[in-house]
Amino acid sequence: MSCRAFYLSLLALSLTACSAGNNKQAQGSFDYQYKPETNDLVIPENLNKPKQANDFFITDKINNQGPVGEDMDIRAPSLVMPIAASSRVVNESNIAIIWFDKVLEDKELLPFIENVVKAQLVEDNVSYHYIEEDIETTLSKVTEGTTSLKDTTIKRAGIKTAIIESDWYHNEVDAGWIFTEIQSSKSLRFRYQLLAKAHGRSVSLRVSLVDFLQTDEKGGSKTMDPIDKQRAEKAMLNELIAAVDYNYRVQQRADRLKRANQQLVTIGKNTAEEEAYIIEMGLDSLWSNMPLFFEKHGFTITDLNEDKKIYYVEFVKPEISMWDSIWGDNVPVIDVSDAHYQFVLAPVDDTTTSVSIYNADGEPLTFETLERIFPVVEKGLSFRDIF
C-alpha cells in the first residue's frame with residue numbers, strides 16, 4: 001500500500017462511523033452522569049476535624065454546560081504531521097495549515113507544491129478548478145488565528161498565490177450481505193490555498209472544507225460537526241504532506257541517478273591540441289583525487305611536480321587471482337603495457353580539466369589507445385565507486 005493510499009484510508013476512516021459502534025464515544029455505561037454528589041462530611045462541634053489531604057482533590061468549578069456521557073467526544077485531537085523535509089506547522093493554530101521551505105534548489109517551490117496538489121486530486125479521480133481571489137482576502141484566510149506569529153507580517157509586495165477547489169469526494173457505507181443498500185453517504189469539497197513569500201523560498205498550504213453533504217436514515221444535512229470538520233481538513237492536509245514528501249524523494253532519486261549516469265569523462269584535446277581525456281572537475285579537486293585512481297588501477301606514483309601538475313607513475317598490470325574472480329572483487333584492468341607514464345593535468349576552464357598521458361619517451365598516447373582503455377578510465381576518473 002502506498003503512503004498516499006494509506007493516508008486516504010485514514011481520511012475515510014475519520015469520516016465514516018462504523019455500524020457496529022461509534023468511535024467518538026467511550027465504551028460502557030454512562031450511569032455516572034446521573035449519580036448525585038455526596039454530601040460533605042459533617043463533624044460535630046465537640047469533635048476535632050480530621051486532617052484532609054488535597055492530593056486528589058477535584059474541583060467542581062468546571063464547564064457544566066459541556067458535553068457529558070454519550071455526547072462526549074473522546075477522540076484524540078487531530079494534528080498536522082510535518083513529515084516532509086523542511087516543513088513546519090503553525091503553533092497553537094486549529095486550522096489545517098503548514099509551511100514548506102525550499103528543499104530542491106533547481107525547482108521553484110510554489111509550482112512544485114501546486115503540482116503535488118493537482119496530481120493528488122487526479123489520483124483520487126476528483127476534478128478541480130482554480131478560483132480567483134484578491135491578495136488581501138487570501139492573506140486574511142491563510143493567516144487566520146495566527147496573529148501572534150511572525151508569519152502574519154508577510155510583506156504584500158511580490159507575493160504569489162494559487163487557490164484550487166476540488167469537486168466532490170464521495171464516501172458511502174453499504175449495509176447488507178447479498179443484497180446491499182447504501183446506509184449513509186457523505187460528500188465533501190475542499191479548498192487548497194497556497195501562498196508564497198516574496199523571496200519564493202517559503203510556501204504555505206492551507207486546506208479548508210467548503211461544502212459538506214450527508215444523507216443517512218435520519219435524513220440529510222449540510223452542517224458538519226466542528227470537530228469532524230477539523231479532523232477532515234487535517235487528514236486531507238496530512239495526505240498532501242505525505243505526497244510532497246514522496247515527490248521530494250522521487251525527485252532526489254532522479255537527481256542522484258542523473259549524476260551517477262552523467263558522463264564526466266570524454267576524449268578531446270588539451271591546449272597543445274594533443275589527444276587527452278577531458279574531465280568535468282576542477283583542477284585542484286582532480287589533482288587531489290588522482291592518487292585514488294592510481295591506487296585502484298595498478299599505478300604507483302614514483303614522483304610528482306605539483307607546480308606543473310604532473311604525476312610520474314609506474315604501471316604494473318594487476319594480477320587477478322582465482323579468489324578475486326569467485327568473489328567478484330577483480331578490478332577492471334587498463335589495457336596498456338607495463339611501463340612508466342606521465343599524467344599531466346591542465347585547466348580547460350574553472351570546472352573542466354584535461355588529463356594527458358605520455359609514455360616514457362614523452363609521446364602522448366594515441367586516440368586509438370585512449371579509446372580502447374576509455375571504459376575503464378572513464379569509470380575510474382568519474383570516481384563513481386568512491387563517492
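## Exercises on a predicted model

Asp335 and Arg372 form a salt bridge, with their closest N and O atoms 3.3 Å apart. (A salt bridge here is a side-chain nitrogen of Lys or Arg within 4 Å of a carboxyl oxygen of Asp or Glu.) Residues are numbered from 1 along each chain as its sequence is written. This is a predicted model, so local features need pLDDT of at least 70 and side-chain atom pairs count only at pLDDT 80 or more, while totals for chains, interfaces and linings use all residues; side-chain values use heavy atoms, with hydrogens and water left out.

**Exercise 1.** Work out which parts of the chain Asp335 and Arg372 tie together.

*Solution.*
- Step 1: start with the salt bridge between Asp335 and Arg372. Asp335 sits in the loop between helix 6 (322-327) and strand 13, and Arg372 is in helix 7 (residues 367-372), so the pair ties together parts that are 37 residues apart in sequence. (Helices, H or I with at least four residues, and strands, E with at least two, are DSSP runs numbered from the N terminus.)
- Step 2: check the cover. Asp335 is partly exposed at 41% relative accessible area, and Arg372 is partly exposed too, at 44%. (Buried means under 20% relative accessible area, exposed over 50%, and partly exposed in between, with a 1.4 Å probe and protein chains only.)

**Exercise 2.** Find out how Glu233 and Lys229 are placed in helix 4 (residues 226-261).

*Solution.*
- Step 1: Glu233 and Lys229 make a salt bridge, with the closest N and O atoms 2.7 Å apart.
- Step 2: both belong to helix 4 and lie four residues apart, which is about one turn of the helix.
- Step 3: Glu233 is buried at 7% relative accessibility, whereas Lys229 is partly exposed at 31%.

**Exercise 3.** Describe the salt bridge between Arg189 and Asp211 and the network around it.

*Solution.*
- Step 1: the side chains of Arg189 and Asp211 meet at 2.6 Å, N to O. Arg189 is in strand 6 (residues 181-196) and Asp211 in strand 7 (residues 202-216), so the pair ties together parts 22 residues apart in sequence.
- Step 2: Arg189 counts as buried at 13% relative accessibility, but Asp211 counts as partly exposed at 30%.
- Step 3: zoom out a bit. Glu165, Arg189, Arg191 and Asp211 are linked in a network of salt bridges, and the whole structure has 11 salt bridges.

**Exercise 4.** Follow helix 5 (residues 283-296) from its span to its packing.

*Solution.*
- Step 1: helix 5 has 14 residues and reaches 20 Å from its first C-alpha to its last, close to the 20 Å expected at 1.5 Å a residue. (The expected span is 1.5 Å times one less than the number of residues.)
- Step 2: look for a kink. There is one of about 35° at Asn289, shortly before the proline Pro291. (The bend at a residue is the angle between axes fitted to the seven residues ending there and the seven starting there.)
- Step 3: pick out the buried residues of helix 5, among them Leu286, Trp287 and Phe293. The buried residues of this helix pack against several elements, including strand 10 (275-279), strand 14 and helix 8 (374-382).
- Step 4: see what comes next. Gly298 follows helix 5 and has a positive phi, near 90°.

**Exercise 5.** Decide whether Ser354 is buried or exposed, and list some of its contacts.

*Solution.*
- Step 1: locate Ser354 in strand 14 (residues 353-358).
- Step 2: Ser354 has 2% relative accessibility, so it counts as buried.
- Step 3: leaving out residues up to four places away in sequence, Ser354 touches residues including Asn270, Tyr277 and Val344. (Contact means heavy atoms within 4.5 Å.)
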